[in-house]
Amino acid sequence: METLRIATIPFHDQRPGTSGLRKQVRIFQQPGYLENFVQAIFDTQPELKGGTLVVGGDGRYFNREAIQVILRIAAANWVRQILIGQYGFFSTPAVSCVIRKYQAQGGIVLSASHNPGGPDGDFGIKFNVANGGPAPESVTEAIFARTRVIDHYLTLDTPPLDLDRLGGTKLKDTAIEVIDPVCDYADLMETIFDFDAIHQLFNSGHFRMRFDAMHAITGPYAREILENRLGAEPGTVLNGNPLEDFGSGHPDPNLVHAHALVEMTRGLKGLDFAAASDGDGDRNMILGRDCFVTPSDSLAILAANAHLVPGYRQGIRGIARSMPTSQAAKRVADFLGVECYETPTGWKFFGNLLDAGRITLCGEESFGTGSDHVREKDGLWAVLFWLNLLAVRQQSVAEILSDHWRRFGRNFYTRHDYEGLDLKSAELLIDHLRRLLPDLPGHQLGAETVSYADDFAYTDPIDGSRTERQGIRIGFASGARIVYRLSGTGTSGATLRVYLESFEPDPDRHQLDPQEALRPLVLIARELAQIETRTGRTEPDVIT
Ligand code: VG1
Ligand code: CO
């Protein structure tokens, strides 16, 4: 079988963002676009030659075609073995699990996560390194630099491989193994959580739950784990068949896009527990009856209760939260006497801390929670963690939540997203804020006094690498915060994210609606950034 050397010209827009290279499907369909990026991975990651690579995606439109392209290029670049999920499926945390279990040199995940799919939707490609986690910036920058000068890629002239049948075959000298994408991951979950306790909870006759897979990748995982292994009633998993366009939905598990599920938790007959995950299975939303657990609180609660779960019985070593995530986890870390690190947005910044054993749990306000069991955030893991807590504590989600606030105080939290903004105006808005920073400390804004104001920068405590301009932080003497940053996962225009947080020690005020509690801060944030005059928007598009 002859290796073909195909001449190509560079595309200049292949810099990975917060989580991989994410573009509209039609951009990826341009001849050479995917090929260049994939060849750039092999050109810059020599350990893949003669190594093992894991490949799979969230099943969205273009997943299968992309996998065939990747298999040929990988074989032409002398990869020794490729583990690929049946049907081309793998959730992001499952890729991380499989890389680690089989000691692969890396993995390629095909997904645009929570972005909509289909011919007019988005597609994405992400390279994960040997620890199972997203490539750090040094690697993504090297790949990007390579894409700017690339002039050829290597491939084979072979028909598509059958991805639907389990088993092994050869492509040139490369061993191709089509494996069950679910079982290794499900086995790992069994080693962490008390499956017997959860099984009993499901069969106690007084517990009703639903999991919404949003027609994305977690359907097969949730069916196997919740229904087959844990004995939840059939039908517990909703929208469990992965569809190429996610049933025309938006696979983002939040109060807006998972609205139907939220409705099922309302009122006296509402579900006891409900959860949802995103396109590639790394996000989670946790709901109880008439109750929503904000992801920042979820991280803090998992940390405070980790000792109740078999996998973390010995206690946790530390916590990390992305900068915009609320400071609730910090309060728990202080109580436990462990470190709480503050990192830039994106899971790649947790990898070094996890590898070095500095942290056990980490999370982001954007519905991402995880631990040192893999190197990605993990949607179903978070759901199982909550189920394990509910089984052990024999309390409702709402009770666990108010209990936590009584112990630690409540960090009211909300994120306001302004989507589809003109890129230039959004950048000017951030520039405007940057210029205000030096004069803000000591200043009075509404009833709040600014105690610090900066553009967040991070020095990795393990390898000393420096990451700058990660978001505008304004901290107040009361403990309240406003954070502004532009999204790095969008594929058109700009999205401005405004993160708002205030601290409330008084239990009598803990049941307030966060939008009400944070109203004064919202007004300060809008005025300071001149959101209306600069973007023409009076209200955000999405509030979470
Ligand atoms: C968003 C979230 C961030 C998350 C990233 C990837 O990034 O804010 O916390 O890590 O998505 O999540 P941004 O740059 O748009 O704010 V996923 O589920 O797409 O892998
Ligand atoms: Co995701």
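User: By class, what is the make-up of the shell around ligand 1?

Analyst: This is a predicted model, in which local features need pLDDT of at least 70, side-chain atom pairs count only at pLDDT 80 or more, and totals for chains, interfaces and linings use all residues. Residues are numbered from 1 along each chain as its sequence is written, and chains are lettered from A and ligands numbered from 1 in the order in which they are written. Ala, Val, Leu, Ile, Met, Phe, Trp, Tyr, Cys and Pro count as nonpolar, Asp, Glu, Lys and Arg as charged, and the others, Gly among them, as polar. On that basis the shell around ligand 1 has one nonpolar, twelve polar and five charged residues.

User: How many residues surround ligand 1, and which are the closest?

Analyst: A residue is near a molecule if its C-beta atom, placed from the backbone, lies within 6 Å of it. The residues that surround ligand 1 number 18. The closest are Thr18, Ser113, Ser487, Gly488 and Thr489.

User: How far apart are the centres of domain 1 and domain 3?

Analyst: Bounds come from an automatic or database domain assignment. They give domain 1 (3-181), domain 2 (185-408) and domain 3 (410-543). Taken over C-alpha atoms, the separation of the centres of domain 1 and domain 3 is 35 Å.

User: Which element gives the most to the side of domain 1 that touches domain 3?

Analyst: The contact (C-beta atoms, placed from the backbone, within 7 Å) takes ten residues from domain 1 and five residues from domain 3. Strand 2 (21-24) and helix 5 (137-147) each supply at least two residues of the domain 1 side; helices (H or I, at least four residues) and strands (E, at least two) are DSSP runs numbered from the N terminus. The largest share, three residues, comes from strand 2.

User: Why is strand 19 largely enclosed by the rest of the structure?

Analyst: A residue is buried if 20 or more other C-beta atoms lie within 10 Å of its own, exposed if 12 or fewer, and partly exposed in between, with C-beta atoms placed from the backbone. Strand 19 spans residues 410-421, and it is largely enclosed because the buried ones among its twelve residues number nine.

User: Which residue of strand 26 stands opposite Tyr418?

Analyst: Two strands pair if DSSP finds at least two bridges between them. Strand 19 and strand 26 (residues 494-504) pair in the antiparallel sense over ten bridges. Opposite Tyr418 stands Leu496.

User: Which residue of strand 27 stands opposite His416?

Analyst: Strand 27 (residues 542-543) runs antiparallel to strand 19, with two bridges joining them. The residue opposite His416 is Ile543.

How values were computed. Contact = placed C-beta atoms within 7 Å.
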